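This report describes parts of one predicted model.

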Amino acid sequence: MSSSDKQPFPHLAKMIHLNHAAVAPWPAVVRDAVQQFAGENARVGSTHYPAWLKVEMQLRKGLASLINAASSDDIALVKNTSEALSFVAYGLEWQVGHNIVSSDQEFPSNRIVWESLEQHGVEFREADLSSASTPEDALFAKCDQNTRLLTISSIQYATGLRMDLERIGQFCRDNGILFCVDAIQSIGAVQIDVQAINADFVMADGHKWMLGPEGLALFYCRPEIRDKLKLSQYGWHMVDPLGNYSVKTWKVAKTSRRFECGSPNMLAIHALNAGIKLLLETGMNEVEAKVLANSRYLCERIDEIEGVKRLTNIEAGRYGGIVNFSCKDNDGLFQTLEKQGVFCALRGGGIRFSPHFYTPKEQLDKAVAVVAKFVA
Ligand SMILES: Cc1ncc(COP(=O)(O)O)c(C=O)c1O
């Protein structure tokens with residue numbers, strides 16, 4: 001093991017990773033959890049399954065605490081954000097003429113599934129978030145008496161625009177509209193409270209700000225409306241009694257386990273649990289403060305560079321961990337950044353930087369210096 005592998009974030013010694021809004025590098029604790037799980041499987045198989053179930057329970061509790069769900073029973077462990085969105089889209093009863101309101105900045109996961117409901121006579125409406133005095137007002141202007149659901153990313157994947165979820169949740173509650181939040185760009189970076197925002201559905205995969213692997217997501221469904229979602233997947237794991245294979249009568253589980261039809265992804269559960277534990281031990285107050293400080297710092301440095309235009313809104317409450325900016329030759333700048341060991345993304349007509357709470361300031365300075373030199 002090299003000395004960098006002993007560090008809590010081994011990649012820091014080798015690269016500048018500003019791409020948590022895509023797929024996060026694994027911290028050492030996540031790597032170790034996977035290695036430990038693999039070693040155990042190879043040595044003794046699943047003989048310690050009861051201990052694995054404890055890790056699964058710990059993960060549910062950790063996720064519930066990250067989003068302030070009332071109970072870990074409100075958390076389902078599903079494949080990804082898209083699957084959870086599909087559970088909502090194909091679980092609700094729709095009538096011809098219903099509409100769904102969203103923004104024109106959504107990642108395709110939060111657009112395609114709603115557009116697919118057109119076959120059932122449901123209209124998908126995209127608000128231009130810059131068309132009103134606030135992004136929320138732009139959404140509200142698209143709603144009418146036929147709006148059944150409003151669905152929005154808590155933070156837009158490209159521009160990094162952060163929505164006022166509390167205000168949207170209140171509007172939805174007042175107008176009898178269901179409220180769905182794709183929170184993948186928030187959870188693990190900035191705080192989110194599903195009860196305070198009156199969310200009906202919240203989903204997020206674990207491979208970005210939660211520092212876990214791809215392919216394991218949380219799906220929160222407000223308990224009061226859980227049985228309003230028609231189920232489309234059935235199996236041994238989503239029923240009561242659980243684990244009594246010879247009993248032929250069954251009932252759908254009352255808890256969110258009803259959305260988990262078969263065997264859990266135990267490997268990913270061990271990995272994500274380690275990522276969540278790290279965040280909770282650091283404390284989400286501290287994580288959020290550092291994420292926001294990094295974004296602010298990047299924006300201030302970028303604003304100093306002539307020939308670069310910042311695309312991220314840096315007003316308080318309007319940003320999270322994503323900073324986007326553009327210059328005359330974004331493709332060229334992107335390639336130069338890559339060559340200089342700065343890993344980031346080209347998104348939404350700009351370069352997207354997304355450091356996490358632990359990213360050192362010197363790495364931000366180095367990345368900004370590459371940008372300044374390129375446009376000079
Ligand atoms: C806002 C948003 N939603 C969803 C996803 C990914 O969805 P899934 O978990 O289904 O892969 C991304 C990935 O970049 C995203 O930025």
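## Ligand, sheet and helix pairs

Sorted by class, the shell around the ligand holds four nonpolar, seven polar and two charged residues. Of these 13 residues, Asn80, Thr81, Ser82, Tyr157 and Asp205 come nearest to the ligand. Two helices contribute to the shell: helix H3 (81-89) and helix H4 (109-115) each supply at least two of its residues.

Next comes the sheet. Four strands form an open sheet in the order E11-E12-E15-E14, and their pairing is antiparallel. Strand E11 (309-310) and strand E14 (345-347) are at the edges with a single partner strand each, so one side of each has no neighbour in the sheet. The partner of E11 is strand E12 (residues 323-326), and these two pair in the antiparallel sense over two bridges. Within this region, arginine 310 stands opposite phenylalanine 325 in E12.

A helix lies against this sheet. Helix H9 lies across E12, E14 and strand E15 (350-353), and H9 runs at about 35° to E15.

Two packed helices are described by the angle between their axes and the distance between the axes.

| Helix pair | Angle between axes | Axis distance | Crossing |
|---|---|---|---|
| H9 (residues 330-339) and H10 (residues 361-375) | roughly 135° | within 10 Å | right-handed |
| H2 (residues 49-67) and H7 (residues 266-282) | about 45° | 9 Å | left-handed |

How are H9 and H10 oriented to each other? The axes of H9 and H10 cross at roughly 135°, and the two helices are therefore oblique to each other. On the H9 side, Leu333, Thr336 and Leu337 meet Ala367, Val370, Val371 and Phe374 of H10. By class, this contact of H9 with H10 has six nonpolar residues, one polar residue and no charged residues.

The other pair has its axes 9 Å apart, with H2 and H7 packing at an angle of about 45°. That angle makes H2 oblique to H7. Which residues of H2 and H7 make the contact? From H2 come Trp52, Val55, Glu56, Gln58, Leu59, Gly62, Leu63, Ser65 and Leu66. From H7 come Met266, Ile269, His270, Leu272, Asn273, Ile276, Lys277 and Leu280. By class, the contact of H2 with H7 has 10 nonpolar, five polar and two charged residues.

Terms used: Residues numbered from 1 in each chain as written. Predicted model: local features only at pLDDT ≥ 70, side-chain atom pairs only at ≥ 80, totals over all residues. Axes fitted to C-alpha atoms, helices over the stretch in contact; angles between N-to-C directions. Parallel < 35°, antiparallel > 145°, perpendicular 65-115°, else oblique. Left-handed = near helix turned anticlockwise from the far one by under 90°. Contact = placed C-beta atoms within 7 Å. Nonpolar A, V, L, I, M, F, W, Y, C, P; charged D, E, K, R; others polar. Near = placed C-beta within 6 Å. Pairing = 2+ DSSP bridges.
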